[in-house]
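Let's take a walk through a protein together, one step at a time. Have a look at the picture first, and then read on.

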Amino acid sequence: MLYVKAPAKINLTLDVLYKRPDNFHEVEMVMTTVDLADRISLESREDGVIQIISTDNFVPNDHRNFAYQAARLIKDTYGIRQGVSITIEKEIPIAAGLAGGSSDAAATLKGLNELWDLGLSIDELAELGAKIGSDVSFCVYGGTALATGRGEKIAELPAPPNCWVVLAKPKIGVSTAEVYGGLKVEGLKHPNTKQMIQAIETKDYELLCSSLGNVLETVTFNLHPEVVMLKEQMKRFGADATLMSGSGPTVFGLVDSEARVSRIYNGLRGFCEEVYAVRILGERNTLA
Ligand SMILES: C[C@](O)(CO)[C@H](O)COP(=O)(O)OP(=O)(O)OC[C@H]1O[C@@H](n2ccc(N)nc2=O)[C@H](O)[C@@H]1O
Ligand SMILES: Nc1ncnc2c1ncn2[C@@H]1O[C@H](COP(=O)(O)OP(=O)(O)OP(=O)(O)O)[C@@H](O)[C@H]1O
């Protein structure tokens, strides 16, 4: 039995440059992993079957599961005869903008590389991951990175300045395809990605706070006004800066003092069930 942690990601920036002929959007995003993680256990089996077992009834247990797709891809690409039982202990909220499914897929790729002794490099695993979803390559590397292309081209960044992250997810799920589909690329207010990278490189917390930006916010806000309210509440309880992660609906707030973390956490818990206070994991492979 092999255990792998699958951490959630947040987007510190998410910019869309243009819509591509393949219907994906060309993006520029700074992403980082946080210490809210699913736990994946992998057990090889001789009958060749890929079995998904999950603690969460909302997680599909067949070919729709991204961890299943990761195992299938490895088996087909490298002609592996064995099967695998994949147990997913879900901690990351589903359809939340935190790349839960993508991280489960990435953890499965990394785990099977070890379990089946394939000797693949991290770059090869990330390339395989891109076949499953745009966020999977980043999840293979973890840490902090600039993601470009449709999200699969990854350039490593150093750890951001130390701070806490309070995550709050309203009781709705959001479809990533629907949000990208509703985006009007003309006239966007683009985040300053260069400034965000500079903030990370110089460990400038204030600059990082003022550089947060996500062009998908307005689309999700229009679909679900409760996300705007949650963001405003988070700010009112004392977050230094707030942003929606990915296509949402999870909103996060950055805080550099521990005392304020509990104030925000307790305040939000009053009307939002899913609230988490976590740390940024920082550099690559801290949980691999
Ligand atoms: C919103 C983010 O999570 C931010 O990290 C990602 O950009 C989305 O990553 P993901 O969930 O892995 O997305 P995928 O599973 O690859 O794509 C889901 C759908 O989102 C849209 N999509 C996704 C990525 C991208 N660069 N442009 C898009 O338009 C496409 O309609 C696609 O069919
Ligand atoms: N291992 C998995 N865990 C959770 N959801 C999964 C998994 N595999 C497939 N799914 C499906 O994927 C959909 C999106 O779930 P996920 O939690 O990955 O979204 P997300 O956090 O918004 O992802 P992203 O931030 O990459 O857009 C769900 O509706 C679910 O049915």
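Two residues are in contact if their C-beta atoms, placed from the backbone, lie within 7 Å.

A word on how to read the model: residues are numbered from 1 along each chain as its sequence is written, while chains are lettered from A and ligands numbered from 1 in the order in which they are written. Since the model is predicted, local features need pLDDT of at least 70 and side-chain atom pairs count only at pLDDT 80 or more, whereas totals for chains, interfaces and linings use all residues.

Now step back to see the whole protein. Its secondary structure comes to 10 helices and 11 strands; helices (H or I, at least four residues) and strands (E, at least two) are DSSP runs, numbered from the N terminus. The radius of gyration is 18 Å, close to the 19 Å that the globule rule gives for 288 residues, so the protein is as compact as a globular protein of that length. This radius is taken over C-alpha atoms, and the globule rule is 2.2 Å times the number of residues to the power 0.38.

Next, find ligand 2. Which residues come nearest to it? Of the 21 residues around ligand 2, they are Ala99, Gly100, Gly101, Asp104 and Gly246; a residue belongs here if its C-beta atom, placed from the backbone, lies within 6 Å of the molecule. Both domain 1 and domain 2 supply at least three residues to this shell. Among the elements, α2 (100–115) gives the most to the shell, with 4 residues. The shell divides into 10 nonpolar, 8 polar and 3 charged residues.

Finally, look at two residues that UniProt, in an unreviewed entry, lists for "active site": Lys9 and Asp135. UniProt positions are given in the numbering used here, feature names are shortened, and annotations may be inferred rather than shown by experiment. The two residues span 127 residues in sequence, yet their C-alpha atoms are not more than 9.2 Å apart, so they gather at one spot. Lys9 is found in strand β1, and Asp135 in the loop between α3 (122–130) and α4 (136–141).

Are they buried or exposed? Lys9 is buried, with 29 other C-beta atoms within 10 Å, and Asp135 is buried, with 29 as well. A residue is buried if 20 or more other C-beta atoms lie within 10 Å of its own, exposed if 12 or fewer, and partly exposed in between; C-beta atoms are placed from the backbone. Leaving aside neighbours up to four places away in sequence, Asp135 is in contact with Lys9, Ala99, Ser102 and Gly151.

Definitions and conventions. Ala, Val, Leu, Ile, Met, Phe, Trp, Tyr, Cys and Pro count as nonpolar, Asp, Glu, Lys and Arg as charged, and the others, Gly among them, as polar. Domain bounds come from an automatic or database domain assignment.
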